Amino acid sequence: MAQIEKLISRVSTSTLLEDRRDACRALRALSKKYRIEVGAQGIDVLKQVLELDKTDPEILSYCLDTLCNITSKEVFEEEMESDININVNIGEQFSEMFLKNPDNLPIILSYLEEYDFRVRWPAVKFLISLTTCRPKEVQDIILVSPMGMSKLMDLLAENREVIRNDAVLLLIHLTKSNANIQKIVAFENAFDKLLTIISEEGYTDGGIVVEDCLLLMLNLLHNNTSNINFFQEGSYIQKLAPMLILPDNLEEIGWSPQKVSNFHCVLHLLRTLVSPNNPAQIITSCQKTLRNANLLESLCNILMATGVPADILTETINSVGEVIRGNLTNQEYFANVLAPSSPPRPALVILIMSMVNEKQPFTLRCAVLYCFECFLYKNEIGQELVVQTLLPSSSGNTALTTGQLLCSGLFSSDSLSNWFSAVGLSHCLIENPAQKEQLLRVLLATNLGAQPVTLLSQCGVFLQHTSKLQAKLGILMLVSMWLAHCPAAVKIFVNVPGVMAFLTAQTSASEFDNNAELLQGLCAFIMGLCVLFNDNSVQNYSKENLSQLIEKRVGLETYCKKLNEISRHELYAKAAKQPQIKAKHSSELLLEFEFCKLFKSMEGLIIQALGVQRDLSNGLSELSLSDHENALLLQYKDLIRDQDKKLQDWQRKYNFLEKQYDEVKVQADELRQTNIQLIDQNTLLKAQLSTGASQVTNTVQTAPVEPPPTAVADDHVISLERRQSMENARLKQVEEELAEKTAELESYRRDQDDLLELLTAQDTRMCKFKDLLRQLDALPDEDDSSSDVSDNENESGP
């Protein structure tokens, strides 16, 4: 627009301050409707004004407001009226342009020291716009700006509330995902200042400012162990106590939406301090402080209060769970909390009643289960108390107990109650072999006048009859937790009529619709546990028999594939992330955190156990033969074992003789070389002897009478010939010895060939014996394992 160009020209060229001020005021008025034009043409001019006209608060105010408008993320009404394409991120683009020069932001930070309201407030709003659009760039620049964070922290002490409140919003944006800024803000006394603001605003009864302060505190503490330590050691936890006190007339005054939001933030803050993701030492110290500051008591009072909104109650239950998780003192305190009912009942019983009640909200039921899991976490006393409520008692107490509620939910018609109860009961057994044994004593009366059955047997029966996937998976997770490290439970479970056939059919099935792969995988996992923790006390379902069942009916490759389907499922990855159950819909509840831990630790052991058992079984199953057939089989095995031993002895002798043969051959070669050398020397000496004889004939008359040199040469030749004859004799002896050893070696080879022929004949007899057993139906048709004889042939071949 021509008008905008003229205004920008006036701002940049006019020498009169009033003229520039009027132009800036006009640009501010146009910056919402014509944001693109004002920003594209005027952003550099506005930056120039901020640098040159620092003494005039009014023009600074106009410039900062204009920059705030053009960098805002929100879409103004004026823009919508002007029919401009508002889908483009205009604010982010202008923010990026402004932050390209790192020196621009310190100019804005310097205006925070200006007390004039017309300058300080627009400067804060402009920083909020920049941080909203480009948080990373603003964080990096502020960190290297001298006193940058200190200037921002001073705004929390501002007595003008609008500036102070916007400063809180600015710090919320700045502290997101930046641990360095979080630490700086915390050590600049942010907690003191924020708690003071919350107190002045009326704690949870206050307005949105309280919520903003709590959100800022959450940012400072989330995943920041340093700040959590500082918060705990600085006694700030105790200052949260007034926020959890409910007024006596709460039912009359009710819960305003803002109070609900504030309460949510407080509960999130408490859970951040004791989150399972924190280091154990920090969790323990914060849990102790929360108990000593009576915050746990306040949470339990909210839990038992009337008129509390469902979402607040749900979050309170989650908070109580994490405050007591793994802390025995807090768990004991919670176990003794009584609900204000007639007669008084333990709070735990009231919560479990809500969990197995299908009319309660889904999120509330999930929270109760999580709280119950936290109560049982590393709490052997609590686990024992729950199991004891299921055991037969002579006291005649008819009061409703936790165990009874879990059992009723376990076999109810509501699949979600089945799942919740199964998971809850499984947590009574985690790392507690004694309670697994105790739970085997629990008897259930299925029908009037019928013989009572054990709880584990009833789980096996229910598993076969229910058609709901969620209920089946819940029961299977309970059974898997029960069978792990408990041979007594395995003994009872494999004797349940039809249960092994059901597991085998599911494991060998090929359908993969509606999460059926999870059901098949869990059935395979249960079968593996029955092999791994089997004490062979049940003859028909011993380790070897079950391994054969898996190998013949399912196949090891198919079995391993079914087992792997569990860990590859998206719900497994989701459940294994954290202890708390987080699901938007009940259909998503299929797997659970502790089960995923158990599966991860056992999967490799099961596959290893099945591989070892397969090697041990080696084809025939002795349990499937009669006594006479077993005796014959043992005789054959003993015979083959003896033959194998003899064959190994012959093999060792053969290797020894072969080594001796090589050594003698080397010696013979050396003697041949020596003999050749001696022959050469003998020839040379004979030549020298003939030459010496001719010289003696020519000089016989002049020379004195001395012993002829030929005599010396003859002596040397005689000695060499004697040495040569000795070496020849020795060589002949070695060659005779070599021939003898070779003949012996050939004899051993012939014996070895005879043994191999004998073993082959034996193998033929064994095959005939197997065919005879198959005709008598004493051996399955599919027997692809090789015999011992052929194995020995492969191992003992020359």
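Guide: Let's start with the buried residues of H14: Val209, Val210, Glu211, Asp212, Cys213, Leu214, Leu216, Met217, Leu218, Asn219, Leu220 and Leu221. Buried means under 20% relative accessible area, with over 50% counting as exposed and anything between as partly exposed (1.4 Å probe, protein chains only). By the way, this is a predicted model, where local features need pLDDT of at least 70 and side-chain atom pairs need 80 or more, while totals for chains, interfaces and linings use all residues. Residues are numbered from 1 along each chain as its sequence is written, and side-chain values use heavy atoms, leaving out hydrogens and water.

Visitor: What makes H14 largely enclosed by the rest of the structure?

Guide: 12 of its 14 residues are buried, so H14 is largely enclosed.

Visitor: Which helices do those buried residues pack against?

Guide: They pack against H11 (161-174), H12 (179-187), H13 (190-201), H15 (225-233) and H17 (257-273). Here contact means heavy atoms within 4.5 Å, and a helix is a DSSP run (H or I) of at least four residues, numbered from the N terminus.

Visitor: How do you know what span to expect for H14?

Guide: You take 1.5 Å times one less than the number of residues. For the 14 residues of H14 (208-221) that gives 20 Å, and the end C-alpha atoms are 20 Å apart, so the two agree.

Visitor: What follows H14?

Guide: Asn223, with a positive phi near 55°.

Definitions and conventions: Helix = DSSP H or I, 4+ residues; strand = E, 2+ residues; numbered from the N terminus.
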